[in-house]
Every structure is written in C-alpha cells, then in structure tokens.
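Subject: Structure for your review

Dear colleague,

I am handing over the structure below, and I would be grateful if you could look through it alongside these notes.

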Amino acid sequence: MVPMDALRRMTRRDVARGIAASLVLPRPSHAQSAARIVVIGGGFGGASCARALRRIDAKLQVTLIEPNRTFTACPFSNEVIAGLREIEAQQFGYDRIGAEGVSMIAQGATKIDAQKRVVGFADGTSIGYDRLVLAPGIDARYDALPGYDEAAAKMPHAWKAGEQTLLLRKQIEAMDDGGLVVLAVPAAPLRCPPAPYERASLIAHYLKTKKPRSKVLILDAKDNFPQQRLFENAWKELYPGMIERISLSQGGRVTSVEPATNTMITDFGNYTAQVANVIPPQKAGRIAEIAGAADKTGWCPIDPVTFASKLVPDIHVIGDACIGGGIPKSASAANAQGKACADAVASLIAGKPPAIPKLVGACYNTVAPDYAFSLSGVYQPKDDMFAEVEGGGTSPVEAPREVRKREADEAQSWYKTITVDTFG
C-alpha cells in the first residue's frame, strides 16, 4: 500500500483528471484500409472504446450497437435509491459519440456468426465486422437462486441502474417507520464489489432521517468484503444499531426466496422484509454467451494484453463481462479497458504488436453526504491475468471527518470526469 498522500496524488493526477492517463500505446498508421470494428454495448467500456477508436484513426469504420438511446450509470445510483440524487443525473446520451463519426445502431444484437464475422438483429438485418468488441456488462443468473426470476419485481435487484433503481427507492419511501430493509448479497464475482455495502449505508442514512425506527439487514454470501473496516467503522459512527450484517459463516447466504411474502431463506433461518433488495449471482451479458465467448463460469476469458477472447477469434471482451483477475468489475476499470482495447485493436489491424497496457482505476464509496472513502490501483497483465502493480491503496481506516469530506468531493469530481470522458 502506498502512503495516503501519494495515493491522493495518484488519484487526482491519473484518475480524477485523466481516467487511465498513464496508458500510452503506439498508434497505427493511416495507410491501413478502412477496417470495420463493431462494438456491442454502450456503457463505460463500449462507449469509451468506440470513441477511442475514432480518435486513434478517423478512417476506421466504427459502429456502436446499443438498444437504449439513453444510458443510465450505476456509479452514484445508490444515492438515487436514498433520495440524495435524481435519476436524471445518471443519464447520458450518445449524440456526442455519433458526432465524432461513430455509427450508432439502436437495436440489440441477437446473433453472432464468428466464422462469417457477422452480427445479426431481431429484425433480420445484420452487419459485418473485421473485429468485434463485446462490452455487454452483466446479467443476473436467475437459475442460481430458486424462487427469483425476472418477474420477481417485488424484490428488485437494482444492479442495472434504471427502472429498478426507482422502484427500490419508492418501496423504501413507502415503508412504514419501524420496517426492515433486507439486502441479499451474492458471492464474488459481481459488479462493483463494495457497492452493496455503500447501498446499505445510504439506505440507513435515509432511514435515520425519515424513518428512524427502521433497520437494515445484510444477508451476505461472503465472510469478507472490500474496505470492510472502513464500512464497519462508519456504521458504528453514523448508524449505531441500524445496520446488521450476517456473514457466510454466520449463515448469511440466501439459498432461495419467496417473492409473495418478501421472505429470504438461508440455511440457518428465514427473514421476512418490508423491502427486499435481492442482488442475484451474476454472469457476463447474454450476447457474450451467444458469441461463444463465455466459459462455464459464465464469464469471458481474455488475453489481458489485447482483450482478445480465448474462445472465439476476432472478438475482444472488455468491462464487467471479462475475467479480469485482480482488476475489479467497475466503471473505472471498464473505461480504462475500453481505451486499452481500442489501442490494441488498432495496432493489430495495422499489423503492429500491441504494447502492454497499464490501467489506472479508482472506486469511491459514499456512506453519507460529505462522507466517503476510496480504493485505487494500477493494473497490468501478469501470468495471463491482470494484477495490481506499483502499489495502489485505500483510504486510511482512522481519519478525521475532513478527510472523508474531501474524498466525497473528489468522488463528485471523479464522476464528472469519467462521464464526460466516456460520453462527451
């Protein structure tokens, strides 16, 4: 771990202002033919990749496939649930990306023929590619949690920001004072590993101010989680007696649910909630499986230098869907991977060897207004995976409130920087 002052210098220089600014790779020559590159998924990874490709070489024919005309960001969506932020602050369009020369297709891809290098759509149309980049994010593994399926809207996961984010917020607002909010947290891997605990914190903040007799219960399929001491110290300081966590070894793993009664079932007992937030086990987005890029784990093995799929030729996978090793599944990681993948793809098309990428990422967790802490790292390929190198660090466990306030301000700056960098 690096000293905190060095971490702050790294965070401000390389993350908040630059978003993976340390990534420097060779650029292909403009003499190449106009290669067709298709990117599926318009989140932090896919949108960043599409923009980067056009900036590397304007001759590249870049197409971004994304069925939603508005992207709703997950970072800070927990603040929407807690009533601290409106959903509109999470929403971004693709006009700037289109203006930069990226062709947009507002449909969902339904087929991929890897031999013919063609992406197909539900209406029967298709588009060919020379290289395909998959950035599909995550899908829920509904088959891994008996009783829970896409129709179980009464127990929203809200792990894809949007309608379910607002539904969970409305359920908490409608709950009587004295009610119980229960969060079911899955085992790793999952998108943004600290986010369930940030969510529990911010829900507790809302309850403390609006429904002070209410409580939050975390049923956890893990014994330990990132920045655990920071979260637990914050809970003792800010929400004494309001948040309880039952870990895996204490019987916290949810084995099934009963949506009709808002009941979560574990090996050691049943818990009935007034509001049930079920975060199910996860896997790569469906199109990765259709493409043949996902293995039996549900995630996509890649070459960490080029992000090339180990299972399908001419396909690259970035963001939450890939098996990234030590690099977490986060918006910051996806943004950095999108740029690195763009450089690698352009180099491969130009017949040049791709350089070794270096990715800088940061994650901020807000537990109350003006109270946040962070985790950051530098990652490079090692032993066929990404590994943390050159230190990295987390916020100090013991720190005065002005430090937490400063990191809350830095979190806001980080969000503005990464969304502008990604969407314009």
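This is a predicted model: local features need pLDDT of at least 70, side-chain atom pairs count only at pLDDT 80 or more; totals for chains, interfaces and linings use all residues.

Residues are numbered from 1 along each chain as its sequence is written, and side-chain values use heavy atoms, with hydrogens and water left out.

Helix packing

The axes of helix α9 (residues 331-349) and helix α10 (residues 401-423) come within 11 Å and cross at roughly 35°; axes are lines fitted to C-alpha atoms, for helices over the stretch in contact, and angles run from 0 to 180 degrees between N-to-C directions. Helices (H or I, at least four residues) and strands (E, at least two) are DSSP runs, numbered from the N terminus. The crossing of α9 and α10 is left-handed, a term used if the near helix is turned anticlockwise from the far one by less than a right angle. On the α9 side the contact (heavy atoms within 4.5 Å) is made by Ala-331, Ser-332, Asn-335 and Lys-339, and on the α10 side by Trp-414, Ile-418, Asp-421 and Thr-422. By class, the residues of this contact are 3 nonpolar, 3 polar and 2 charged, where Ala, Val, Leu, Ile, Met, Phe, Trp, Tyr, Cys and Pro count as nonpolar, Asp, Glu, Lys and Arg as charged, and the others, Gly among them, as polar.

Cavity and pocket

On a 1 Å grid over the protein atoms alone, a cavity is a set of points where a 1.4 Å probe fits but cannot get out, and a pocket is an open set with protein on both sides within 12 Å along at least five of seven lines; lining residues have an atom within 4 Å of a point. Grid points are joined across faces, edges and corners, and a volume is the space filled by probe spheres set on the points.

A search of the whole structure finds 1 cavity of 30 Å³ or more, and the largest cavity holds about 60 Å³ of space. Its lining includes Pro-328, Cys-363 and Tyr-379, and β21 gives the largest share, 4 residues.

The lining of the second largest pocket has 17 nonpolar, 7 polar and 3 charged residues.

Three strands form an open sheet in the order β14-β15-β16, with antiparallel pairing; two strands pair if DSSP finds at least two bridges between them. Because β14 and β16 (269-272) stand at the edges, each with a single partner strand, one side of each is left without a neighbour in the sheet. β14 and β15 form a hairpin with 4 residues between them, and Asn-262 in the turn has a positive phi of about 55°. Within this sheet Val-254 stands opposite Thr-266 in β15, and Ile-265 has Asn-270 in β16 as its bridge partner.

A further open sheet of 3 strands has the order β6-β7-β8, also paired antiparallel. Here β6 and strand β7 (residues 118-121) pair over 4 bridges, and the bridge partner of Ala-109 in β7 is Phe-121.

With best regards
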